[in-house]
Amino acid sequence: MFKKISWKLIGVSVILTIVISNFVQVGKSLDNLRNSVLRMHILANSDSIEDQSLKLEVRDAILEHSEEIFGKLVSPEDIRNISEENLEKIQKIAQSVIDEYGFDYKISVGETKMFFDERTYGDITMPAGNYDALRVTIGEAKGHNWWCVMYPPLCIPMASGMTDDKQAEKEFFSTRQLDMIQNPKKYEVRFMLWDKLNGFLKKIR
């Protein structure tokens, strides 16, 4: 009887070890995903038709110069150290669009760490969480926003004339991360539990 119980305990221990190991690996992959992506966040002045259209014009102008501005980003560290010169370039590009269309809105550009809800575009879902972001605000910035992934250069959703960069996805994301963003439903519970665990650990530290 004792031997049977011992083997059962060993079996349960092995299963628990595998489950916990998988949970931790998924959690670390999630953290790495969040920490190695640069998102762009553009806020329109308001939700009027004119202001929302203007936001998209600003988006297109910035993306047209994306290679010039972001072409040297080759590592996660780079996305957190965009030069002041490049931030000024983005500000000038955006402001030129505003001026061209006859508006008097001021443009603000800066790097920040901010929370994004889960967003799905095409076959990719970026998990909710805090990400490094390049934030562009137009005027009072009270309108709906537009966002994309600038690094790696996925730009989701795509601006007009651009297509999904599937090669960039494969080169940048690990196999597990690709599965996470392409099949988010099967990771929902683990993501939620991982974030709750991290939140709890931060409180008790």
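Arg39 lies over the face of Trp147, 4.0 Å from the ring centre, and its charged end also sits over the ring of Phe116, 4.0 Å from that centre. A charge sits over a ring when NZ of Lys or CZ of Arg is within 6 Å of the ring centre and within 35 degrees of the ring normal. This is a predicted model, where local features need pLDDT of at least 70, side-chain atom pairs count only at pLDDT 80 or more, and totals for chains, interfaces and linings use all residues. Residues are numbered from 1 along each chain as its sequence is written, and side-chain values use heavy atoms, with hydrogens and water left out.

**Aromatic rings**
- Phe116 and Trp147 belong, with Tyr131, to a cluster linked by ring pairs.
- The structure holds 7 aromatic pairs (rings of Phe, Tyr and Trp, the last by its six-membered ring, with centres within 6.5 Å; planes under 30 degrees apart are stacked, over 60 edge-to-face, the rest tilted).
- Phe103 and Tyr105 make a stacked pair, because their ring centres are 5.2 Å apart and their planes meet at 25 degrees.
- Tyr105 is buried at 16% relative accessibility, while Phe103 is partly exposed at 26% (buried means under 20% relative accessible area, exposed over 50%, partly exposed in between, with a 1.4 Å probe and protein chains only).
- Phe172 and Phe173 pair edge-to-face, at 4.9 Å centre to centre and 90 degrees between the planes.
- Phe173 is buried, with a relative accessible area of 4%, and Phe172 is partly exposed at 22%.

**Backbone features to look for**
- Tyr151 and Pro152 are joined by a cis peptide bond, with omega about 0 degrees.
- Pro152 is in the loop between strand E6 (145-151) and helix H6 (166-172) (helices, H or I with at least four residues, and strands, E with at least two, are DSSP runs numbered from the N terminus).
- Ala141, a residue other than glycine, has a positive phi near 55 degrees.
- Ala141 sits in the loop between strand E5 (129-138) and E6, and is partly exposed at 22% relative accessibility.

**The largest pocket**
- The largest pocket is lined by 18 residues, with Asp31, Arg34, Gly129, Asn130 and Asp195 nearest its centre (on a 1 Å grid over the protein atoms alone, a pocket is an open set of points where a 1.4 Å probe fits, with protein on both sides within 12 Å along at least five of seven lines; lining residues have an atom within 4 Å of a point).
- Helix H8 (188-204) is among the elements that each supply at least two lining residues, and H8 gives the most, with 7 residues.
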